[in-house]
Amino acid sequence: MNERRRWKVLGSEYAIETPHLRLRRDRIELPSGLRIDDYFVRESRGFAVVFAVCEDERVVMVRQYKHGIGGDVLELPAGAIDADESPLDCARRELAEETGFVAPRSDFEPLRVMVTDPTNSDGRAHLYLARGVRRLVEPNPDPTEEIAVEFASLADLRTWVADGTIEVAVHVAAVYIALERLGHLAVPNAGCGR
C-alpha cells in the first residue's frame with residue numbers, strides 16, 4: 001500500500017467493550033489533512049466458517065435466527081474465534097457445537113482467509129473444508145443460538161448461492177470457493193473483453 005494514502009491515528013478509545021462487541025473510536029487525520037474525531041472500528045478476533053462434507057457428499061448447513069436482520073438465515077456452520085484459540089480449533093469446535101458433526105483434525109483443509117468489512121472492522125473469516133464428517137456428539141449451541149441442522153447436495157448449493165437462498169455474503173463466497181476446490185464449479189476466465 002502506498003504510504004501517502006495511510007490514515008494517521010491521532011488517538012483511540014473504546015466506546016463499547018463487551019463480550020459481544022468491541023467498538024473502537026479513532027480520531028484520524030486523512031492524507032488531505034481533514035480530521036475525523038469519530039471514526040468507529042469494530043474489533044474482532046475473526047471467525048471460522050466450515051464447509052463440512054459428509055461421506056455421502058451432502059454438506060452440513062445450519063438455519064438460525066440472526067437478531068441483526070431480525071430473521072432466519074441458511075448458512076454454513078461458523079462462529080467467533082475465542083481468546084487463545086486458533087482458527088482451526090474454532091472451526092472444529094463450532095462444527096461440533098452447532099451440529100454435532102466432527103472430523104479428524106487432519107481432515108480440515110484451510111481454503112481461504114477473507115476480509116469481511118474492511119471499512120469498519122478488522123475481522124477476517126477463516127474458511128475450512130472438512131471432509132468425511134460424521135455426527136458423533138450432541139450439539140451444544142450457545143444460549144443465543146437456536147439451530148436447525150439441514151443438509152444440501154453440491155447441486156443445491158450451486159442453486160442456492162445463485163438464487164439468494166443463501167444470502168449472507170461471506171457464506172456465499174465460502175460456498176463458491178469450496179465448490180471450486182471440490183471441482184464442482186467451473187469458473188470461466190473470460191478476461192476483460194478481449
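Cys90 is buried, with a relative accessible area of 0%. Keep in mind that this is a predicted model, so the values here are computed from its atoms. The other cysteine to look at is Cys54, which counts as buried too, at 8% relative accessibility.

A disulfide needs two cysteine sulfur atoms within 2.5 Å. For Cys54, the nearest cysteine sulfur belongs to Cys90, and that is 20 Å away, so with the cut-off at 2.5 Å Cys54 is in no disulfide.

**Aromatic pairs**

Now for the rings. A pair of aromatic rings is described by how far apart the centres are and by the angle between the planes. How many aromatic pairs does a search of the whole structure find? It turns up two, laid out here:

| Pair | Centre distance | Plane angle | Arrangement |
|---|---|---|---|
| Trp7 and Tyr39 | 5.2 Å | 90° | edge-to-face |
| Phe101 and Phe151 | 5.8 Å | 70° | edge-to-face |

Why does the Trp7 and Tyr39 pair count as edge-to-face? Because its planes stand at 90°, and anything over 60 degrees goes into that class. The pair links distant parts of the chain: Trp7 is in the segment before β1 (8-17), while Tyr39 is in strand β3 (residues 35-43), 32 residues apart. Trp7 is partly exposed, at 43% relative accessibility, whereas Tyr39 is buried at 18%.

The planes of Phe101 and Phe151 are at 70°, so this pair is edge-to-face as well. It also bridges distant parts of the chain, with Phe101 in strand β8 (residues 101-102) and Phe151 in strand β11 (residues 147-152), 50 residues apart.

**Charges over rings**

Phe151 comes up again here: Arg58 lies over the face of its ring, 4.2 Å from the ring centre. So besides its edge-to-face pairing with Phe101, Phe151 has an arginine over its face. Elsewhere, which ring does the charged end of Arg22 sit over? That would be the ring of Tyr14, with 4.1 Å to the ring centre.

Definitions and conventions: Residues numbered from 1 in each chain as written. Predicted model: local features only at pLDDT ≥ 70, side-chain atom pairs only at ≥ 80, totals over all residues. Heavy atoms only, no water. Buried < 20%, exposed > 50% of the residue type's maximum accessible area, 1.4 Å probe, protein only. Phe/Tyr/Trp six-rings, centres within 6.5 Å; stacked < 30°, edge-to-face > 60°. Helix = DSSP H or I, 4+ residues; strand = E, 2+ residues; numbered from the N terminus. Lys NZ or Arg CZ within 6 Å of the ring centre and 35° of its normal.
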